[in-house]
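Take a walk through this model.

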Amino acid sequence: MRSSGVNLRELVLDTLLAVTRDEEYSHIAIRDTLDKYQFLEKHERSFLKRVCQGTLEHMIWIDYVINQFSSVKVNKMKPQIRCILRSSVYELKYMDAVPASATCNEAVKIAQKKGFHRLKGFVNGVLRNISRNLEQISLPDPNKDSLKYLSIKYSMPEWILELWMKTYSLEETEEFLQAFLADAPLSVRVNQWKSTKEDLIKELEAGGIHVWEHETIPGVLYLEDYDYLAGIPAFQQGKFYVQDISSVQAGLWADPKPGDYVLDVCAAPGGKSIHAAELILEAERTLAEKGQPVNVPGMVEARDLTEYKVSLIQENIERCGLSNIRAVQADARIFDETMEGRADIVLADLPCSGLGVLGRKVDIKYKVHLGLCQELCLLQREILHTVQRYVKPGGVLLYSTCTIHPAENQENVEWFLQEHPEYQLERQQQILPKLGKNDGFYLAKMRKESGYGSGH
């Protein structure tokens, strides 16, 4: 794999080390590598991304296999050797087009190149033994220990399975796991201010991209067979915005009206804010066509904590070409008295455990833990308690997360409604991961009674 003069397996090793040793997020580490090596051929980029993501996705199963054939357990290995073996086992199992001998030979060469000359025999022996016996490897008996069986088969930590199985059946839980490991198309939302759906489909298909429409949500498309997102001219020109179906629902639920002031308190990278801004423009255009122009045009304020996150929002605003939205740096935990009772809609898509997006952010399942989930619940409550004061009487607070965890979702809403009786729950939904369709997501729409003043 050197047609561009770059050893792809070395790049895989460096990327996996960044994630597993240096605690970088996988989607960031992979994106940074692809950005740095933009000159790679399409098939090379595909190989690098697939091996990195696949190794992380299947890491519990991979470690289970390695431990059966290695005299040194995975957690005792040097990080470089561990990553070399993990990615090589992924290749042996899932990359049919790559000869097993090539995988083993390249692993030995990289180990030597990284200074592990004494371990070349160990690497070679473990991998060739696994290669010969791969089809005979058996999983734990599901009838004796269903938790361990599911954990290893789908590479999901047991504590997450225990968490889900308190609410969902074994069959439902296995459906989540299958959805997370399945290849999923990219879902995007058409920017109607820069293109029509029909024109965008034609343009993308002319570029060799496979495109099809969502069955029920207008303006949402699925994309496959593209090389590099940032290299698609229509993306560069802001004709579409990458957004999961579950996330699109937030804007539809919020349903902003002409002249509305929308505050998104944790907005980065800006998908929900930009969607809200587009919906306001659409609603105002419809009124104008009826001869009823809005006196004060609507506005979306997209806030986030850090300068970096605000720069991401600003970049997306500029690419989409919207004028009724601004990016602002602010800490959602700290009350802003200038905003009290001003917002028609407050979007609170808050920091969460991310257990609904494990298919896209494959390393979250190894980084998050139950203690962190409990900390996040408290943070979510702290932010909700603060930002609800920004909603004007009769306005909407839309709470959302990208997790499947009742304590962060339904239980938080129950707590909030008890603490703030001026709010009424209009609707809530736990959207579950669906094979090839959408992530896991939670939404709760709460309306502040019009009889309450902003000071309550």
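Helices (H or I, at least four residues) and strands (E, at least two) are DSSP runs, numbered from the N terminus. This is a predicted model, in which local features need pLDDT of at least 70, side-chain atom pairs count only at pLDDT 80 or more, and totals for chains, interfaces and linings use all residues. Residues are numbered from 1 along each chain as its sequence is written, and side-chain values use heavy atoms, with hydrogens and water left out.

Start with the overall fold. The protein has 18 helices and 11 strands. Its radius of gyration is 24 Å, close to the 23 Å that the globule rule gives for 456 residues, so the protein is as compact as a globular protein of that length. (The radius is taken over C-alpha atoms; the rule is 2.2 Å times the number of residues to the power 0.38.) The C-alpha trace spans about 75 × 50 × 40 Å along its principal axes. Of the 456 residues, 51% are buried. Buried means under 20% relative accessible area, exposed over 50%, and partly exposed in between, with a 1.4 Å probe and protein chains only. Contact means heavy atoms within 4.5 Å. Among contacts between residues at least 6 apart in sequence, 73% join residues at least 24 apart.

Now the helix pairs. Axes are lines fitted to C-alpha atoms, for helices over the stretch in contact, and angles run from 0 to 180 degrees between N-to-C directions. Helix H1 (residues 8–20) and helix H2 (residues 26–36) cross at roughly 150°, and their axes come within 9 Å. That makes H1 roughly antiparallel to H2. Angles under 35 degrees count as roughly parallel, over 145 as roughly antiparallel, 65 to 115 as roughly perpendicular and the rest as oblique. On the H1 side, the contact is made by Leu 11, Thr 15, Ala 18 and Val 19; H2 supplies Ser 26, Ala 29, Ile 30 and Thr 33. By class, this contact has five nonpolar, three polar and no charged residues. Ala, Val, Leu, Ile, Met, Phe, Trp, Tyr, Cys and Pro count as nonpolar, Asp, Glu, Lys and Arg as charged, and the others, Gly among them, as polar.

Move on to helix H4 (residues 59–69) and helix H5 (residues 79–94). Their axes lie 10 Å apart, at an angle of about 95°. H4 and H5 are therefore roughly perpendicular to each other. H4 contributes Met 59, Trp 61, Ile 62, Asp 63, Val 65 and Ile 66, while H5 contributes Leu 85, Arg 86, Val 89, Tyr 90, Lys 93 and Tyr 94. The contact of H4 with H5 divides into nine nonpolar, no polar and three charged residues.

Next, Thr 103. This residue is found in helix H6 (residues 100–113). Is Thr 103 buried or exposed? At 1% relative accessibility, Thr 103 counts as buried. Leaving aside neighbours within four places in sequence, Thr 103 is in contact with Arg 9, Ser 88, Glu 91, Leu 92 and Val 98.

Finally, the backbone. Asp 225 lies in the loop between strand S3 (220–224) and helix H12 (233–236). Asp 225 has a positive phi of about 65°, although it is not a glycine. Asp 255, also not a glycine, has a positive phi near 50°. Asp 255 is found in the loop between helix H13 (245–254) and S5. At 39% relative accessibility, Asp 255 counts as partly exposed. A cis peptide bond joins Ala 268 and Pro 269, with omega about 5°. Pro 269 is found in the loop between strand S5 (261–264) and helix H14 (271–289).
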